[in-house]
Amino acid sequence: MNKETSKVKKIYRSLYYAIFLLLTFVVIYLLIPKQITFKYEFQKGQPWGHNTLIAPFDFPILKPQEVLAAERDSVLKNYVPFLSIDNSVQEQQMALFNEQLKAALASADYDIGRLKIKLFTQQFESLFIQFYQRGIIEAPVSDYDYFKDKTYINLINQNEVKKVPVSQLVSLKGAYVLISDSIDALIKKLEIPHNFKQLFDPSEFLATNLLYDRQFNDAQSNEMLAGVSTTRGVVQEGVRVISEGDWVNNDNYLVIESLKQAYKRNSTYGGWLSTVVIGQMILILIVLTMIVLYMQVYNRKIFWKKRNFTMILFTVLAMIVLARLIHENQSLSLYLLPVCILPIIIRTFLGARMAIFVHLSTMLIISFMAPNSFEFFFLQVTAGTIAVISLRNLHRRGQLVLTSLLVFGSYCVMYFGFELIADGNAKDIDYSTYKWFLANGLLLLSTYPLLYIIEKMFGFISDVTLVELSDTNHPLLRELAEIAPGTFQHSMQVANLAEAVIVKTGGNPLLVRTGALYHDVGKIKSSEFFIENQAGGKNPHDKMSNIKSVEKIVSHVFDGVKLAKKYKLPEPVIDFIKMHHGTGLVKYFYLKYKEEHPNEQVNEEDFRYPGPNPTTRETAVVMLADGVEAAARSLPEKNEQTLKVIIDQIINAKILHHELDDAPITFKDINDIKAIFLDKLKNVYHLRIQYPKEVESEKKE
C-alpha cells in the first residue's frame, strides 16, 4: 500500500512539475521582445572580429546622441510658447468697477460735474482695458519657467494669434502701480478733489487674465521635436560597412550601430512559426532545462520538494516580468533592475551554489532585452556573485547595507572598465549611468521585506526569523521557563551542545539552536510528570501504571506540536519537536513493565515514541544532545570517564537501533560529536584535573 501511495505521489509531483515548467516557459516566451537580434558583437576601441560587413539593405545613418540632443535643445530654445487671453475676466471686472463707482458717487458729497465724471470713467476704463489687452499675469515674468530665455510669446486673443514681446506682459503688482500713477495724473488734470481716489481701490478691479495651457504647449513642442531628423545620410545596399580587422572608431561605430537599429526596426513578428519565435523558444527551453537538470543532479533534495521548485521558478518569473516593465519604459535603464535580490533570496533559503546558478540562468534570459547583452550579462552575473559571497549573516542589520555598497561599487568599477575600452578616454564616459547603479543598490535594501513575503508564501524559514524565535523572551519560551523551569534549563543546555556540534561539523547553527530551545515545549501541559521539574516532591508516576506513564511521557511530543502550531512556529522548528525522540523506546517504563510481568509477551510498540526519526543533520544532533544531556545530568558522579561512557552508550544505542539511518550523519561526524559533547560537558560540570599529592618530604620543608 505504501509503495502504491509513493508511486501516486511521484506521478502527481512529476505532473505538477511539468505543468509549472510549461507555464513558466509560456510566460517567459510572451515577455521576451519578438525581434531579430543583430548577430555581431562589437565594441568601440576594439578590432572588428567578424568577416567584412556588407550592408544587406539601405539604411539611414543615425546622428550621434550629443548632436541630436543639441538640435533638440535648439528647437526648444527657439520655441515660442502660446498664452491665451480670457476676455471674460475683463468684462467681469469692468462691470464691477461701474457698479462700485456709481454707488460711491451717489453716497459722496462732491460737486464735480457730469462731464468730469464721464471723462474720468472713460479714462479709467481705458486704462484697465489697455492692461487687460496686454495680458496680466500673477507674478513677474522671471518667476515662470516657460518664459525662461524667451523674447516673444504667441498671444491668443479670441481667434487671433499675435506674436508679441514678453516685455509687454505685466504682473498684478506692476499693473496696480502703473494704474495708480495714471489715476493720480488724471485726477490732477481734471481738477477733481484728490481725496476722491479714496472712494475706490484699483486693486479690486485687477485680476489675471493670461492663461498658459501646459498640455497644449507640450504637444506643440513635441511636434516640433518630432520634426528633428534623427539621421544624416544613407548607406546603400551592397556598400562595405567595415572590413575584417578594422578598428571600431567613432565614425564606423555609428554606422554599425545604425545598422543594428535598422535590424530592430525592420524585424517583424511572423506569427507562431516565425524564425524569431522558434529561435527564442529553443533558447528559453535550453535555459529552463539547465535549471532543472542542475537541481536534479546536484541538488536532488531541493528538486524533490515542490515548494523549492515552485519558489525558484516564481522568483525567476518575477525578475523577468520586472525586467520587461523597465525595458518598456524608455526613460529607465535596465541597469536599474535589482537583479541581486534574486540570488540573495535563493541563497537564504536554498544555499549559495543554487543561488549563483539560478542567477546566471536568469541573466541569460534577461540579456535578450539588454542593448549590449555581453556587457549587461558580465556586470549582472559578477554583481550577483559578489552579493552571494558577501552576504554571510543576513540577520545582522548592517550586512545587507554592506552588500548593497559592494554591489554598487562593483557596478561602478566594471562599468568604468568597459567604458574605458569603448571610448579610450575617461572624459568621454557617460557618468549619468551611475545614478542607475546607485538606485539599484538602494533597491537591494528591499530584500528584507521581500524575504518575509517569500518566507510566508512558501513556508521557508530565514535566519532573521530564527534569531527572533531564539530570543528567550518569546512568549512560548517564557511560558516554558515559568511552568517547567527544569525543562527550560535542560533545553538551554541541549541548545548549547547542539550548536557547538553544528558550528564545527557543518549545518545551520541558528536553526539547531532554535529547534533545541523548543523541542520540549510540550512538557508545559504536564510539567510535574518529568523528573527535571520535580523539586524533591512526590513522583506522580508512583500512583500510575507503566502504560499510563508511557502515555503521559509520550504525549509531550503531541502537546508540543499543538503548542507550536498555536504560536505559529515554522514547520522546520516543529520537526525538532516531532523528531527529538524519533521512534525510540521509553526504556525505563519498558524495563519496569517487563520486570513486573515476566511471563507476558510485551509489545514494544506500546512503549515507543511516535517518530519520525530525524531526517536532517540538525534534528539528529538535537536528538543526540537531548539524550546525552539528560543522562549526564542524572549521573551520581560526574568525571571525564563517566561522561565518556554515558556519551558512548547513548549515541551507540541510537546507531544500533537505526534511529539515525534517515539523517545525513557519517561515522566521522559521530566521532566528532562524541568529542565535542565530552569537551562541553566537562566545562558545564567544571571538572578539574587531579593534582598529585604532595610528597611527605616536601611537606616537612
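The reply below goes through the charged pairs, then the rings, then a surface patch.

Reply: This is a predicted model, in which local features need pLDDT of at least 70 and side-chain atom pairs count only at pLDDT 80 or more, while totals for chains, interfaces and linings use all residues. Residues are numbered from 1 along each chain as its sequence is written, and side-chain values use heavy atoms, with hydrogens and water left out.

Start with the charged pairs. The whole structure holds 17 salt bridges (a side-chain nitrogen of Lys or Arg within 4 Å of a carboxyl oxygen of Asp or Glu). One of them joins glutamate 499 to arginine 513, with 2.9 Å between the closest N and O atoms. This pair links distant parts of the chain, 14 residues apart: glutamate 499 is in helix α19 (residues 485–505) and arginine 513 is in helix α20. Helices here are DSSP runs of H or I with at least four residues, strands are runs of E with at least two, and both are numbered from the N terminus. Glutamate 499 is partly exposed, because its relative accessible area is 23%; buried means under 20%, exposed means over 50%, and partly exposed lies in between (1.4 Å probe, protein chains only).

A salt bridge also forms between lysine 674 and aspartate 648, at 3.6 Å from N to O. Lysine 674 belongs to helix α26 (residues 667–684) and aspartate 648 to helix α25 (residues 640–656), so the bridge ties together parts that are 26 residues apart in sequence. Lysine 674 is buried at 17%, whereas aspartate 648 is partly exposed at 22%. Lysine 654 and glutamate 659 meet in a salt bridge too, at 3.6 Å. Lysine 654 is buried at 14%, and glutamate 659 is buried at 6%.

Asp520, Lys523 and Glu532 are linked in a network of salt bridges. Aspartate 520 sits in the loop between α20 (509–518) and α21 (546–566), and it counts as buried because its relative accessibility is 0%. Apart from neighbours within four places in sequence, aspartate 520 has contacts (heavy atoms within 4.5 Å) that include His490, His556, His580 and Asp626.

Now the rings. A pair of aromatic rings is described by the distance of the centres and the angle of the planes. Rings of Phe, Tyr and Trp (its six-membered ring) pair if their centres lie within 6.5 Å; planes under 30 degrees apart are stacked, over 60 edge-to-face, and the rest tilted. The count is 28 aromatic pairs. Tyrosine 146 and phenylalanine 147 have ring centres 4.8 Å apart and planes at 65°, so this pair is edge-to-face. Both of these residues are buried. Tyrosine 431 and tyrosine 434 are stacked, because their planes are at 20° with the centres 5.9 Å apart. Tyrosine 431 is partly exposed at 42%, while tyrosine 434 is buried at 16%. Both tyrosines belong to one aromatic cluster, whose members include Tyr335, Phe376 and Phe437.

Charges and rings also meet. Lysine 306 lies over the face of tyrosine 16, 5.3 Å from the ring centre (NZ of Lys or CZ of Arg within 6 Å of the centre and within 35 degrees of the ring normal). Lysine 638 has its charged end over the ring of tyrosine 685, also 5.3 Å from the centre.
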